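Have the viewer open as you read.

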Amino acid sequence: MNTIETSHIIKLFEFDKSQGKKFLIGTDEAGRGPAAGGVFASAVYFPIITDELIENLSILNDSKQLSKKKREVLYDIIKKETINSTICIEVKEIEEINILNASLKAMKLAVEDVISQINHQDKKEILTLVDGNKFIKDFKYPQKWVIKGDSTSASIAAASILAKVSRDRYMEELDTKHPQYNWAKNAGYLTKEHLAAIDKYGLTEFHRPSFLKKHFDKQEQLSLF
């Protein structure tokens with residue numbers, strides 16, 4: 001573990017410790033931006049933090065800053081060493097309640113699952129750190145949002161890894177059903193290749209129509225000329 005990695009991971013855990021709560025849970029989502037596939041959220045609680053764990057998680061950071069290989073390594077460690085939960089809200093519900101509400105709902109369900117696993121009733125000893133600048137709706141436990149939380153809090157960073165890896169694996173599975181969209185590579189984001197495939201093959205049940213309205217409006221306008 002090099003000096004930079006040591007300093008960073010220690011800061012992440014120190015931030016969590018500074019919150020002064022016995023049970024600190026971090027939550028983050030993956031998949032708000034893509035136009036295909038569900039949105040995932042994970043919640044993570046570290047019951048025991050040892051020097052060995054800190055060393056093993058030395059590269060922990062915002063999932064978007066790490067290679068797929070590093071995320072996979074961290075995923076296995078986090079799954080083993082934490083109390084955690086990952087929830088997916090599928091496309092049908094995203095279209096019904098919108099992507100922000102779907103993301104917050106996934107976070108809520110994931111955190112509530114972790115709290116049930118902890119099985120502790122005193123709300124004063126529990127705090128949930130939410131990545132971003134929105135509170136979880138209809139949530140009965142104390143919470144605090146943290147902008148850029150996945151590069152500030154160890155618990156949020158760990159949740160970002162679980163959510164990202166889980167969603168990438170899910171998109172790889174969907175890719176086997178609809179390989180023409182290359183979701184294993186683009187994860188459902190609207191790359192030029194993905195848009196071209198949509199124009200050629202149309203939409204699947206895994207696409208989010210509301211995310212494609214501008215594209216289809218543009219195509220309709222172009223067809224007029």
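Let's start with His178, which counts as buried because its relative accessibility is 16%, and the cut-off for buried is under 20%. Keep in mind that this is a predicted model. His178 is found in the loop between α6 (154-177) and α7 (183-186). Setting aside neighbours within four places in sequence, His178 is in contact with Trp183, Thr204, Glu205 and Phe206.

**Aromatic pairs**

The count of aromatic pairs comes to eight. Take Phe13 and Phe46: their ring centres are 5.2 Å apart and their planes sit at 70 degrees, so this pair is edge-to-face. Phe13 lies in helix α1 and Phe46 in the loop between β2 and α2 (51-56), so the pair ties together parts that are 33 residues apart in sequence. Both Phe13 and Phe46 are buried.

Phe40 and Tyr170 also form an edge-to-face pair. This one links distant parts of the chain, with Phe40 in strand β2 and Tyr170 in helix α6, 130 residues apart. Phe40 counts as buried at 7% relative accessibility, and Tyr170 counts as buried at 12%.

Here are the two pairs side by side:

| Pair | Centre to centre | Angle between planes |
|---|---|---|
| Phe13 and Phe46 | 5.2 Å | 70 degrees |
| Phe40 and Tyr170 | 5.0 Å | 65 degrees |

**The cores**

In soluble globular proteins, nonpolar side chains tend to be buried together. So which residues have the most contacts inside the largest nonpolar core? They are Ile25, Ile89, Val111 and Ile115, in a core of 24 residues. The elements giving two or more residues to this core are β1, β2 (39-45), β3 (83-89), α5 (99-118) and β4 (126-131). The most comes from α5, with ten residues.

Not counting residues up to four places away in sequence, Ile115 touches Ile25, His120, Ile126, Phe139 and Tyr141. There is also a second, separate core of 21 residues, which includes Ile54, Tyr75, Ile77 and Ile78.

**A buried strand residue**

Val146 has its place in strand β5 (residues 143-146). Val146 is buried, with a relative accessible area of 8%. Leaving aside neighbours within four places in sequence, Val146 is in contact with Phe15, Leu129, Val130, Asp131, Gly132, Thr152 and Ile156.

**Pockets**

Rolling a probe the size of a water molecule over the atoms shows where empty space is left. The largest pocket has a volume of about 260 Å³. Its lining has 15 residues, of which Glu29, Ala30, Gly31, Lys64 and Tyr189 lie nearest the centre. How do the lining residues of the largest pocket divide into nonpolar, polar and charged, and how many are in each group? Two are nonpolar, four are polar and nine are charged. β1 (23-30) and α6 each supply at least two residues of this lining.

The second largest pocket has a volume of about 210 Å³. Its lining divides into seven nonpolar residues, one polar and four charged. Helix α1 (residues 3-18) gives the largest share of that lining, three residues. Phe13 and Phe46, the edge-to-face pair, are both among the residues lining this second largest pocket. Others there include Asp16, Lys17, Tyr45, Pro47 and Ser155.

Where do they sit? Asn119 lies in the loop between α5 and β4, while Ala187 lies in the loop between α7 and α8 (192-201). Buried or exposed? Asn119 counts as exposed at 58% relative accessibility, whereas Ala187 is buried, with a relative accessible area of 9%.

Note on methods:
Residues are numbered from 1 along each chain as its sequence is written. This is a predicted model: local features need pLDDT of at least 70, side-chain atom pairs count only at pLDDT 80 or more; totals for chains, interfaces and linings use all residues. Side-chain values use heavy atoms; hydrogens and water are left out. Helices (H or I, at least four residues) and strands (E, at least two) are DSSP runs, numbered from the N terminus. Buried means under 20% relative accessible area, exposed over 50%, partly exposed in between (1.4 Å probe, protein chains only). Contact means heavy atoms within 4.5 Å. On a 1 Å grid over the protein atoms alone, a cavity is a set of points where a 1.4 Å probe fits but cannot get out, and a pocket is an open set with protein on both sides within 12 Å along at least five of seven lines; lining residues have an atom within 4 Å of a point. Grid points are joined across faces, edges and corners, and a volume is the space filled by probe spheres set on the points. Ala, Val, Leu, Ile, Met, Phe, Trp, Tyr, Cys and Pro count as nonpolar, Asp, Glu, Lys and Arg as charged, and the others, Gly among them, as polar. A nonpolar core is a set of buried Ala, Val, Leu, Ile, Met, Phe, Trp, Tyr and Cys residues joined through side-chain atoms within 4.5 Å. Rings of Phe, Tyr and Trp (its six-membered ring) pair if their centres lie within 6.5 Å; planes under 30 degrees apart count as stacked, over 60 as edge-to-face and the rest as tilted.
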